Amino acid sequence: MFSQTFGCTTLGLNGVLITVEVDIANGLPALDIVGLPDTAVRESRERVRAAIKNSGFEFPSRRITINLAPADLKKDSSGLDLPIAIGILAASGQIVWDSCKNYLFVSELSLEGKLRGVSGILPMAIHCCEQGINNMVVAPENVQEALLVEGINVYAPLTLAQLVSHLQHAIILPAEVKNMITHLFPGNSEDFADVQGQVVAKRALEIAAAGGHNLMMIGPPGSGKTMLARRITSILPAMSPQEALEVTKIYSIADLLHNHAGLVTERPFRSPHHTISGAGMVGGGRIPRPGEVTLSHRGVLFLDELAEFPRMVLESLRQPVEDGQVTISRVNASFSYPAKFMLISAVNPCQCGFLTDSRQECTCSNSDIRRYRKRISGPLLDRMDINVHVPRLEYSEITNTMPTESSLVIAKRVAAARAIQYARLSKYNIFCNAHMGHKHIKSACHMTTGAQAILEQAFSKMNLSARGYDRILKVARTIADLAGAEQLTEMHIAEAVHFRNNMQEIY
Ligand SMILES: Nc1ncnc2c1ncn2[C@@H]1O[C@H](COP(=O)(O)OP(=O)(O)OP(=O)(O)O)[C@@H](O)[C@H]1O
Ligand SMILES: [Mg+2]
């Protein structure tokens, strides 16, 4: 006797439909799973056997063969437990096969027969919809994630027995309804108003947030670099629905939605420790998982104490920073994860930290300084659009009681600038200036003749690379957007050049 049911797994950020074929034949009792099952799927044999028995059904004592198609794709999801169990029940005549034909089943099973949540439900639900399957069965903890996709009925029975009753029309499970929005990064209570002084650094962060540019802060210990960086999420604009869906998909695959399951609405802020491995940063591993660069997609990757990161890890950032994606190759597949993030970094100017300090003398020798700086390569520094010195605060600045600008006020200006960029660039599927390509820069950055003259001077004086030229124009475009100006003037270009040039003066 034969049956066919549908399950799903993920490859990169996309769902892949798995056809589960079950054949039950006469012979010695055995259960074989073919079609490249990995550990999690091979183990499902034991879970399914126990779940079927403990749900009050009969586990056929005959020769059972299960084929997972397509056969050339490695399957490693415990979410295939459910379609396998339903397939066995259908092939052994305990449920009518026809009743489960228009369903996608994705859930792990407990030995007792309860449905358990798995990761990657959102991309699977999207795929289910694309394949024209109308109904999806998931575990209760995955319901809200599946419901993010319009156009499919989602059912979430507690147990296998309940699902079988539903399929046989003995009970009717109601299709679930959407009710939740996820706040994965709990509302940031930290505010720029807490930061005394540092007017230039705040301006730099505002520009970076407005255009999605990379930024590096350099300064002595205790000047507020970490404090400033942690507040950037309080001024970033809200995500568009499309961006929110992209981010939720990534967190679904990485199994980081937990029980929140729903749409991630805040921009990610990731700050990995400097002991992170290369695979942790860009993604990979035997069963490939997204790395920090992908988890920061549409948000911020903050690297504190940049010079302490292993060189290999920093170099691995070069490609994703430039391309906005990482490609991971495995023997049997290769796929890309998106990685469009803002890189914010903080670093001391030398080992002791006081090289640029106005009061405390630096105790490093010249060779110490050279060695310290070699830890960050030129190509990585070339990718920093904005470099800003964060100096030691004066006593009068620390004790100043005048109110400083709050994050809310800055966020309004940032949102207005982003709205201008969205109107200009969304037709190319680009949401901020930092992601403009050369051709977009050409059409979006019209300069006055004075501005052109300044840029030409800067180009030869600063020995700019072609990348440097493009990046200055992008930052200048953001500065002009913040000012609501159509054309780039001397002032806009000069400020952008200043923020890039800072590097040569202080680092
Ligand atoms: N501009 C500031 N306004 C108010 N408080 C500040 C400011 N700068 C620093 N502080 C205080 O000093 C503490 C340390 O600052 P922070 O950790 O940001 O320094 P840092 O520049 O990152 O130093 P390091 O280079 O050692 O990492 C903050 O938690 C805050 O209490
Ligand atoms: Mg710090």
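Mentor: A definition to start with: two strands pair if DSSP finds at least two bridges between them. Helices (H or I, at least four residues) and strands (E, at least two) are themselves DSSP runs, numbered from the N terminus. By that count, 4 bridges join β16 to β19, and these strands run parallel.

Trainee: Before we go on, what kind of model is this, and how is it numbered?
Mentor: This is a predicted model, in which local features need pLDDT of at least 70, side-chain atom pairs count only at pLDDT 80 or more, and totals for chains, interfaces and linings use all residues. Residues are numbered from 1 along each chain as its sequence is written, while chains are lettered from A and ligands numbered from 1 in the order in which they are written.

Trainee: Ok, back to the sheet. What's the strand order?
Mentor: The order is β13-β16-β19-β11-β20, an open sheet of 5 strands with parallel pairing. β13 (269-270) and β20 (386-389) are the edge strands, each pairing on one side only.

Trainee: Which residues does Val300 of β16 line up with?
Mentor: Phe269 stands opposite Val300, and Met342 is the bridge partner of Val300 in β19. β13 and β16 pair in the parallel sense over 2 bridges.

Trainee: And which way do the β16 side chains point?
Mentor: Val300 and Phe302 point one way, Leu301 and Leu303 the other, and all are buried. Buried here requires 20 or more other C-beta atoms within 10 Å of the residue's own; exposed is 12 or fewer, partly exposed is in between, and C-beta atoms are placed from the backbone. In a regular strand the side chains alternate between the two faces of the sheet.

Trainee: How many bridges join β11 to β19?
Mentor: 4 bridges join strand β11 (residues 215-218) to β19 (residues 342-347). Ile218 has Val347 as its bridge partner in β19.

Trainee: Switching topic: what's around ligand 1?
Mentor: 15 residues surround ligand 1, the closest being Pro221, Gly224, Lys225, Thr226 and Met227. Near means that the C-beta atom, placed from the backbone, lies within 6 Å. Helix α7 (residues 225-230) gives the most to that shell, with 3 residues.

Trainee: How is the chain divided into domains?
Mentor: Into domain 1 (2-179) and domain 2 (192-427), with bounds from an automatic or database domain assignment. Their C-alpha centres lie 41 Å apart.

Trainee: How many residues are in contact between them?
Mentor: 17 residues of domain 1 are in contact with 17 of domain 2, contact meaning C-beta atoms, placed from the backbone, within 7 Å. On the domain 1 side, α3 gives the largest share, 3 residues.

Trainee: What does α3 pack on?
Mentor: α3 packs with helix α8 (residues 241-253) at an angle of about 115°, with their axes 7 Å apart. Axes are lines fitted to C-alpha atoms, for helices over the stretch in contact, and angles run from 0 to 180 degrees between N-to-C directions. Ile121, Leu122 and Pro123 in α3 meet Thr248, Lys249, Ser252 and Ile253 in α8.

Terms used:
Two residues are in contact if their C-beta atoms, placed from the backbone, lie within 7 Å.
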